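Work through the exercises below with the coordinates open. Each task is followed by a solution in steps.

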Amino acid sequence: MAQTTPCPNAGKNQGCTCPHTSCARHGACCQCIAYHLPQKQLPQCYVKAGM
């Protein structure tokens, strides 16, 4: 089993551009990306504003 390292952004909400502030993964980029990519989705932080 691969060893994982803690997400360096966990708990650092400053700079998180996702509008879903009530999400448990808000500000934890690694967790957010790991959640969305298997579903073939891009997290909101990857989507440009106004699109």
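A polar contact is a pair of N or O atoms within 3.5 Å; within protein, one must be able to donate a hydrogen and the other to accept it, and residues adjacent in sequence count only if both atoms are side-chain atoms. The model is predicted: local features need pLDDT of at least 70, side-chain atom pairs count only at pLDDT 80 or more, and totals for chains, interfaces and linings use all residues. Residues are numbered from 1 along each chain as its sequence is written, and side-chain values use heavy atoms, with hydrogens and water left out.

**Exercise 1. Overall description**

Task: State how many helices and strands the protein has, and what percentage of its residues is buried.

Solution. 
Step 1. Helices (H or I, at least four residues) and strands (E, at least two) are DSSP runs, numbered from the N terminus. The protein has one helix and zero strands.
Step 2. Buried means under 20% relative accessible area, exposed over 50%, and partly exposed in between (1.4 Å probe, protein chains only). Of the 51 residues in the protein, 16% are buried.
Step 3. Accessible areas come from the Shrake-Rupley method with a 1.4 Å probe; for residues, only the protein chains shown count as cover. The protein exposes about 4300 Å², and 57% of that is supplied by carbon and sulfur atoms.

**Exercise 2. H36**

Task: Find the side chain with which the side chain of H36 makes a polar contact, and decide whether H36 is buried or exposed.

Solution. 
Step 1. H36 is placed in helix α1.
Step 2. Its side chain makes a polar contact with the side chain of Q41, at 2.8 Å.
Step 3. Contact means heavy atoms within 4.5 Å. Not counting residues up to four places away in sequence, H36 touches Q41 and P43.
Step 4. H36 counts as buried because its relative accessibility is 18%.

**Exercise 3. H26 and the cysteines**

Task: Locate H26 relative to α1, then count the disulfides.

Solution. 
Step 1. H26 lies in the segment before α1, which spans 29–36. With a relative accessible area of 14%, H26 is buried.
Step 2. A polar atom of the H26 side chain lies 3.1 Å from the backbone oxygen of C18.
Step 3. H26 and C16 are ten residues apart along the chain, and their C-alpha atoms are separated by 7.2 Å.
Step 4. A disulfide is a pair of cysteine sulfur atoms within 2.5 Å. By this rule the count is zero. C18 is in no disulfide, and the nearest cysteine sulfur, that of C16, is 5.4 Å away.
Step 5. C18 counts as buried because its relative accessibility is 14%.

**Exercise 4. C32 and R25**

Task: List what C32 touches and what R25 touches, leaving out residues up to four places away in sequence.

Solution. 
Step 1. C32 is in helix α1, and R25 is in the segment before α1.
Step 2. C32 touches R25 and P43. R25 touches Q31, C32 and Y35.
Step 3. C32 counts as buried at 13% relative accessibility, whereas R25 counts as partly exposed at 23%.
Step 4. Two C-alpha to C-alpha distances span ten residues in sequence: C32 to L42 is 9.3 Å, and R25 to Y35 is 8.9 Å.

**Exercise 5. After the helix**

Task: State the phi of K40, and name the residues that make the nonpolar surface patch of about 400 Å².

Solution. 
Step 1. K40 is found in the segment after α1. Although K40 is not a glycine, it has a positive phi of about 55°.
Step 2. K40 counts as exposed because its relative accessibility is 80%.
Step 3. Like charges are joined within 9 Å, and nonpolar side chains (Val, Leu, Ile, Met, Phe, Trp, Tyr) within 5 Å.
Step 4. L37, L42, Y46 and V47 make the patch.
Step 5. V47 is placed in the segment after α1 and is partly exposed, with a relative accessible area of 35%.

Terms used. Patch = residues over 30% accessible without salt bridge, like charges linked within 9 Å, V, L, I, M, F, W, Y side chains within 5 Å. Salt bridge = Lys/Arg side-chain N within 4 Å of Asp/Glu carboxyl O.
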